[in-house]
Amino acid sequence: MRAFSLTFLILTFLSTLFLQRGEAEHASSPPRGWNSYDSYSWIISEEEFLQNAQLVSQRLKNHGYEYVVVDFLWYRRKVEGANTNSLGFDVIDEWGRMVPDPVRWPSTRNGKGFAEVAKKVHSMGLKFGIHVMRGISTQAFNANTPILDVTTGKAYEESGRTWRAKDVGIKERACAWMKNGFMSVNTKSGAGLAFLRSLYQQYADWGVDFVKHDCVFGEDFDLDEITYVSKVLTELNHTILYSLSPGTSATPSMAKDVSALVNMYRITGDDWDNWKDVAAHFDVSRDFAAANMIGARGLRGKSWPDLDMLPLGWLSNAGSNEGPHRKGNLTLDEQRSQVTLWAMAKSPFMFGGDMRQLDESTLSLITNPTLLEINSFSSNNKEFPYISSTKKGRIRNSQSRISNIGSSSTPGLTSCNDVDARGWSISDLGQVCWNEKSRNGLKEPFCLYKRKPIPTSDKVHLLEREKSDCLGASPNRKLTSKESKRGPFSPCGFHANQMWELTHNGT
């Protein structure tokens, strides 16, 4: 725990120093781009990727989309018997590192890696990203390849011997969803750290601008590897945006451990084009927003909870050996709901449909200026508490009295003489209810649902002033600068003493 705390402090210092030098803040708003997975699964070729990248540059770049990302298994040969969990079909170099399949990616031959592809992407005014897996591959482990020491350019040596893949790979910690593919490395050994460093140095040498690091978060949580990779990224001469995926079983508590180390991190499993997947994101978005994780401090800038790619337009299927080959299944209203949620939750916008078959309806949706402005510039994004009544449509006048209801359930009342200032009560169900009749004919109570009960020690005593239309108070905390800038809660709320809360006796 002490070692992790020290690493965290070092990263904090480096991040602060980076910004003090006047360099641009990394991921200052939720990143946008295109990812190949939803439409091509793992089989995309260099020609197909560059065609999509060119169209992103022409049609989406002006709307803030800047990353084009090759998703998983770019190193797997597309031959008979190969699939998403096959073993023995990957292309690795002499140091056990993954390199692109030269048949699908012809410009990568002769040790060039993705350098030529990245160069072409950069010439389009875009940034180039790749998907990578945890630790070391099973294929490299079985081959027992030597480990590169990037400081010497030779095999890593320690304690008088050369270290190899089997010395650092941990077979018992294989990736849960790709057990034949990858396993963790021992981050307690110098050789394990040297292997990880050699990977990310190679990505930087290729010109990679975005890394989607898989099988280290959520149910496969590996804080040690995330922490070390983040440290390496701060030391490279080439800036790389750091993303974690997937987020199955991810929690706000888990996110707080990594948010300062990365720039975006998945908080859900894979999202596909069915309403069940989309609907599951609402509660997840609520919980991470309530935990104040949106736009928290991240690696060299900020970090963002990621709701996954947008599977719209022309797609493939998960793990398919062909694609794209079908139209998305969401109705237009469901698509609008999904994109609106992504905007309000300030999730990264990573479009997954085939750009070569992008229809005007999908284009207008993912470039909607209002949604993109909300995604980039909105603040204090939280779920509004529900208001219910058995008499629908008859609470409008009283409901209008409730302004800016937050976690403290603050009513926007402006005078002790106002009839609506009386009659509030707190129920055993965690609701704040108004039970009195009103001049507008409301006969039955309506309630504000609260996430947490009001603590008895957190009362603000409201007093009526003789010569004022406002309620005076003596709260312990003052308005923050952000709250002051955003505007008052009520017509007289510009004073710092206008922070109100309901007490247990209903006042």
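How many bridges join strand 9 to strand 10, and in which sense do the two run? Before I answer, please keep in mind that this is a predicted model, in which local features need pLDDT of at least 70 and side-chain atom pairs count only at pLDDT 80 or more, while totals for chains, interfaces and linings use all residues. Residues are numbered from 1 along each chain as its sequence is written, and side-chain values use heavy atoms, with hydrogens and water left out.

Strand 9, residues 169-174, is joined to strand 10 by three bridges, and the two run antiparallel; here Ile 170 stands opposite Ser 184. Strand 10, residues 182-185, also pairs in the antiparallel sense with strand 4, residues 136-137, over two bridges, and there Phe 182 is the bridge partner of Ser 137. Pairing requires that DSSP find at least two bridges between the strands, and the elements themselves are DSSP runs numbered from the N terminus, with helices being H or I of at least four residues and strands E of at least two.

Turning to helix 10, residues 275-290, its 16 residues reach 24 Å from the first C-alpha to the last, close to the 22 Å expected at 1.5 Å a residue, where the expected span is 1.5 Å times one less than the number of residues. Val 278, His 281, Ser 285, Phe 288 and Ala 289 are buried in this helix, buried meaning under 20% relative accessible area with a 1.4 Å probe and protein chains only. The buried residues of helix 10 pack against helix 9, strand 13, strand 15 and helix 11, and the helix is followed by Asn 292, whose phi is positive, near 60°.

Definitions and conventions
Buried < 20%, exposed > 50% of the residue type's maximum accessible area, 1.4 Å probe, protein only. Contact = heavy atoms within 4.5 Å.
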